[in-house]
Amino acid sequence: MTENADDMTDSNPEKSSIISLLKNFFSIYTPFVIFIFALALYIRTVLPYDAVFRGGIVGFAADDAVFHMRLVENLIKNFPHRIWFETFTLYPSGQDLHFGPLWTYMIAITSLILGAGSPTIDLTRTVGAYFPGVFGALVVFPVYFIGREVFDRRVGLLAAFMIAVMPGQFLSRSVMGFTDHHVGEVFFSTLFLMFFIMAIRSVKGKDISLDDIWNKNWVKLKPHVIISIFAGIAFGLYMLQWSNGVFYGGIVAIFIVLQYIIDHMRGRSVEGLCIVSFIAFLSAFPLILLFC
């Protein structure tokens, strides 16, 4: 089934990789992926519900979760302005906030939408409590597609199931009430890796070169450019979760260099790899510059 899909893509170079992704998703495996997502969501939101919502309060886990909710509540009161210097930490001098702003904005904007512009404290804290569980469950989808792209659909399902039920740090930091930014980092970094792998695979064995750019052969380049831009957007969102995520980009950059050397030594074209890599990282900068 996978080989037939690849043959169809090869015979029609104009077909967008994103369209192929969506088309392949709705297959016999779709119910299984949705079931795994539902299972992950159940583990992260239903099982710990009574431990989080008790006695009329929302019990957030650990200090960082409470601090993130302080940032959210402050942002809602002063929207769209978020505090960047915290006077109440590192007494007596205070300190600059090293947390990325995206996690705070996502919770605040969701609360503002659900609260019609004036969310109550209870609504805001409820939204904040659910956020890590929902994002932890959403990680199932990019993990499935990474497994499918690198190996096959069965491996993708196994990987998705494992990330859904596997105990450890990821599970503990992606349950309801642990409203810290870590689960956002995992989701967007995994999403970036998914799109980047797809971008690289989309140019593998294809006659993609810099001449296509000079000759403005946009029809040929379009599917590869689109998937690369999506990869860049995901990386930019990841950086807005955690500024030190630049080190993750450095690891990917090392891979690009090594893959470039391997392809060159084997006589393969390296221009496609260079094009998608350059576009992916370039696409991340506009998002990051919004908060610079």
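This is a predicted model: local features need pLDDT of at least 70, side-chain atom pairs count only at pLDDT 80 or more; totals for chains, interfaces and linings use all residues.

Q: Where is empty space left, and how is it found?
A: Rolling a probe the size of a water molecule over the atoms shows where empty space is left. Here the second largest pocket has a volume of about 520 Å³.

Q: Which residues lie nearest the centre of the second largest pocket?
A: The lining consists of 20 residues, and I200, R201, K204, Q259 and D263 are the ones nearest the centre.

Q: Which helix gives the largest share of the lining of the second largest pocket?
A: Helix α11 does, with six residues. At least two lining residues come from each of α8 (140-150), α11 (182-203), α14 (246-265) and α15 (271-289). By class, ten lining residues are nonpolar, four are polar and six are charged.

Q: Is α8 largely enclosed or open?
A: Burial is judged by relative accessible area, with under 20% counting as buried. Helix α8 is largely enclosed by the rest of the structure, because nine of its eleven residues are buried. Among them are F145, I146, R148 and E149.

Q: What do the side chains of R148 and E149 form?
A: The two side chains meet in a salt bridge, at 2.6 Å from N to O. Both R148 and E149 are buried. E149 counts as buried because its relative accessibility is 14%, under the 20% cut-off.

Q: Which other residue forms a salt bridge with E149?
A: R201 does, with the closest N and O atoms 3.1 Å apart. This pair links distant parts of the chain, E149 in helix α8 and R201 in helix α11, 52 residues apart. R201 is partly exposed, at 36% relative accessible area. Salt bridges with shared partners join R148, E149 and R201 into one network.

Q: How many salt bridges are there?
A: The count is six. One of them joins the side chains of R70 and E86, at 2.8 Å from N to O. R70 lies in helix α5 and E86 in strand β3 (residues 85-86), 16 residues apart. E86 is buried at 1% relative accessibility, whereas R70 is partly exposed at 29%.

Q: Which residues form a nonpolar patch on the surface?
A: I254, V257, L258, Y260, I261 and M265 do, with about 620 Å² of accessible area together. I254 lies in helix α14 and counts as exposed because its relative accessibility is 52%, over the 50% cut-off.

Key. Residues are numbered from 1 along each chain as its sequence is written. Side-chain values use heavy atoms; hydrogens and water are left out. On a 1 Å grid over the protein atoms alone, a cavity is a set of points where a 1.4 Å probe fits but cannot get out, and a pocket is an open set with protein on both sides within 12 Å along at least five of seven lines; lining residues have an atom within 4 Å of a point. Grid points are joined across faces, edges and corners, and a volume is the space filled by probe spheres set on the points. Helices (H or I, at least four residues) and strands (E, at least two) are DSSP runs, numbered from the N terminus. Ala, Val, Leu, Ile, Met, Phe, Trp, Tyr, Cys and Pro count as nonpolar, Asp, Glu, Lys and Arg as charged, and the others, Gly among them, as polar. Patches are made of residues with over 30% relative accessible area and no salt bridge: like charges are joined within 9 Å, nonpolar side chains (Val, Leu, Ile, Met, Phe, Trp, Tyr) within 5 Å. Accessible areas come from the Shrake-Rupley method with a 1.4 Å probe; for residues, only the protein chains shown count as cover. A salt bridge is a side-chain nitrogen of Lys or Arg within 4 Å of a carboxyl oxygen of Asp or Glu. Buried means under 20% relative accessible area, exposed over 50%, partly exposed in between (1.4 Å probe, protein chains only).
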